[in-house]
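In these notebook entries I record what I looked up in one structure.

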Amino acid sequence: MILVTGGLGFIGSHTCTRLHESGYDYVIVDNLYNSDISVLDAIEKTTGARPKFYNADVCDPSALEVIFRENEIEGIIHFAGYKAVGESVALPLKYYRNNINSTLALCEAMDKFGAQSIVFSSSATVYGEKNPVPYKEDMPADSAANPYGRTKIVCENILRDYQAANPDKKVTLLRYFNPIGAHPGGLLGEDPAGIPDNLFPYILRVAAGKLERLNVFGNDYDTPDGTGVRDYIHIMDLARAHTAALEHLKKSGGFNIYNVGTGKGTSVLEIVKAMSETIGRPLEYVFAPRRPGDIATSYANVDKAREVLGFTAEYGIEKMCEDGWNYARKHFNL
Ligand code: UFG
């Protein structure tokens with residue numbers, strides 16, 4: 001049995017559908033802080049099976065105790081966490097407390113109840129601003145630009161030290177690049193509360209007529225068209241990276257780190273163009289000042305995931321836009 005923390009969030013919910021498809025038994029724990037209980041129904045409709053669900057906080061050891069006593073947890077995929085970069089600058093303690101306590105509580109539960117493995121949601125943000133692209137797993141990963149990113153660095157180090165002290169435990173860090181798109185079934189996707197911080201959900205709202213136009217943050221970066229370049233990966237590809245990581249952990253062990261991206265950079269304007277083609281009309285945008293803390297370019301070297309996990313992303317930007325738009329049309333009743 002796999003415990004999925006934050007299983008009703010964007011990445012968690014899509015990974016649950018993939019776990020189901022690959023024949024894993026899993027149970028979800030989520031405190032609905034940044035997710036909605038309707039996602040549980042959407043997972044059920046998408047997979048044909050209703051997952052077992054605990055509405056609980058992963059930071060709470062007594063809640064974890066109940067879950068571990070009631071289920072034979074062998075492995076954990078730990079998605080739960082706060083992730084808003086801007087808020088983390090204003091409220092760093094909230095971020096450190098939540099993101100670190102949840103990881104500590106899970107390691108302690110692994111110790112107490114004998115679960116063997118954990119796959120942790122890390123982020124490309126740990127590569128900071130000094131490393132050259134493409135980012136490689138063995139580059140220094142100790143200088144994120146904001147408290148959110150630094151909680152990821154701290155959790156990476158907690159898990160590294162935990163595994164070193166407990167060689168029978170198996171730890172994999174997945175450093176996600178920029179997951180976008182949606183499940184092709186159209187019932188699962190990303191629709192954050194409030195005005196979206198991230199590019200893709202914002203674009204979907206503009207496409208859906210819920211927001212007037214996209215603000216493109218900066219057109220004077222040192223990139224081919226002056227706008228920021230990121231390594232966007234289809235959420236279903238990212239979901240599959242988790243089952244690839246679990247499969248590999250079954251045969252191996254130790255402490256592992258993999259980038260999960262496509263290895264290709266795409267600019268904001270290229271995404272705007274691709275989405276305009278998907279919706280059949282120009283997506284409205286204006287240029288706006290750079291967003292503080294943004295870097296010009298981020299993309300992954302994906303050799304290690306390919307060579308060790310046998311994982312390669314399949315889908316391109318067009319499919320990400322198509323599936324994202326399919327979700328938005330259903331979600332917004334268009
Ligand atoms: N952008 C816009 N307008 C918007 C939103 C974003 O132009 O309204 C641009 C950004 O400037 C950037 C690109 O779109 O060039 C992508 O921005 P996102 O906010 O979608 O993603 P980020 O790359 O900033 O951040 C993401 C995750 C973080 C993670 C980081 C790791 O949201 O959690 O990747 O690199 F830390």
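**Entry 1: threonine 103**

I began with threonine 103, which is buried, with a relative accessible area of 0%. I note the classes here: buried means under 20% relative accessible area, exposed means over 50%, and partly exposed lies in between, with a 1.4 Å probe and the protein chains only. The model is predicted, so I note that local features need pLDDT of at least 70 and side-chain atom pairs count only at pLDDT 80 or more, while totals for chains, interfaces and linings use all residues. Residues are numbered from 1 along each chain as its sequence is written, and side-chain values use heavy atoms, with hydrogens and water left out.

I found threonine 103 in helix H5. Helices (H or I, at least four residues) and strands (E, at least two) are DSSP runs, numbered from the N terminus. Which backbone atom does the side chain of threonine 103 reach? It is the backbone oxygen of asparagine 99, at 3.0 Å. This is a polar contact, that is, a pair of N or O atoms within 3.5 Å; within protein, one must be able to donate a hydrogen and the other to accept it, and residues adjacent in sequence count only if both atoms are side-chain atoms. Setting aside residues up to four places away in sequence, I listed His78, Phe120, Cys155, Ile158 and Leu159 as touching threonine 103. Contact here means heavy atoms within 4.5 Å.

**Entry 2: helix H6**

I next looked up helix H6 (residues 147–165), where glutamine 163 lies. H6 has 19 residues and reaches 27 Å from its first C-alpha to its last, close to the 27 Å expected at 1.5 Å a residue. The expected span is 1.5 Å times one less than the number of residues. The buried residues of H6 include Cys155, Ile158 and Leu159, and each of these three also touches threonine 103. What do the buried residues of H6 pack against? I found helix H4 (85–90), helix H5 (92–113), strand S5 (117–123), strand S6 (170–176) and strand S11 (255–260).

Glutamine 163 is itself buried, with a relative accessible area of 10%. Leaving out residues up to four places away in sequence, glutamine 163 touches Lys169, Val171, Gly254 and Phe255.

**Entry 3: helix H1**

I checked the span of helix H1 (residues 10–21) as well. Its twelve residues should span 16 Å at 1.5 Å a residue, and the end C-alpha atoms are 17 Å apart, which agrees. Is H1 mostly covered or uncovered? It is mostly covered, for nine of its twelve residues are buried; among them are Phe10, His14 and Leu19. After H1 comes glycine 23, with a positive phi near 85°.

**Entry 4: backbone angles**

Most residues other than glycine have a negative phi, and most peptide bonds are trans. I therefore noted the exceptions to this general rule.

- Leucine 32 has a positive phi of about 65° although it is not a glycine. I located leucine 32 in the loop between strand S2 (26–30) and helix H2 (38–47), and leucine 32 is partly exposed at 25% relative accessible area.
- Asparagine 333, also not a glycine, has a positive phi of about 55°. This residue is in the segment after helix H11 (317–331), and asparagine 333 counts as exposed at 71% relative accessibility.
- Valine 133 and proline 134 are joined by a cis peptide bond, with omega about -5°. Proline 134 is in the loop between S5 and H6.

**Entry 5: valine 229**

Valine 229 is in strand S9 (residues 229–230) and counts as buried at 9% relative accessibility. How far apart in space are valine 229 and threonine 297? Their C-alpha atoms are 4.6 Å apart, although the two are 68 residues apart in sequence. Apart from neighbours within four places in sequence, the contacts of valine 229 include Thr223, Gly265, Ala296 and Thr297.

**Entry 6: the ligand**

Finally, I turned to the ligand. Of the 18 residues around it, Asn198, Asn215, Arg230, Arg291 and Asp294 come nearest; a residue is near if one of its heavy atoms lies within 4 Å. Strand S8 (residues 214–217) gives the largest share of the shell, four residues.

I recorded these distances:

- A polar backbone atom of asparagine 215 is 2.7 Å from a nitrogen atom of the ligand.
- A backbone N or O atom of phenylalanine 217 is 2.9 Å from an oxygen atom of the ligand.
- A polar side-chain atom of arginine 291 is 2.8 Å from an oxygen atom of the ligand.

The protein covers 87% of the 680 Å² of accessible area that the ligand has on its own, by the Shrake-Rupley method with a 1.4 Å probe.
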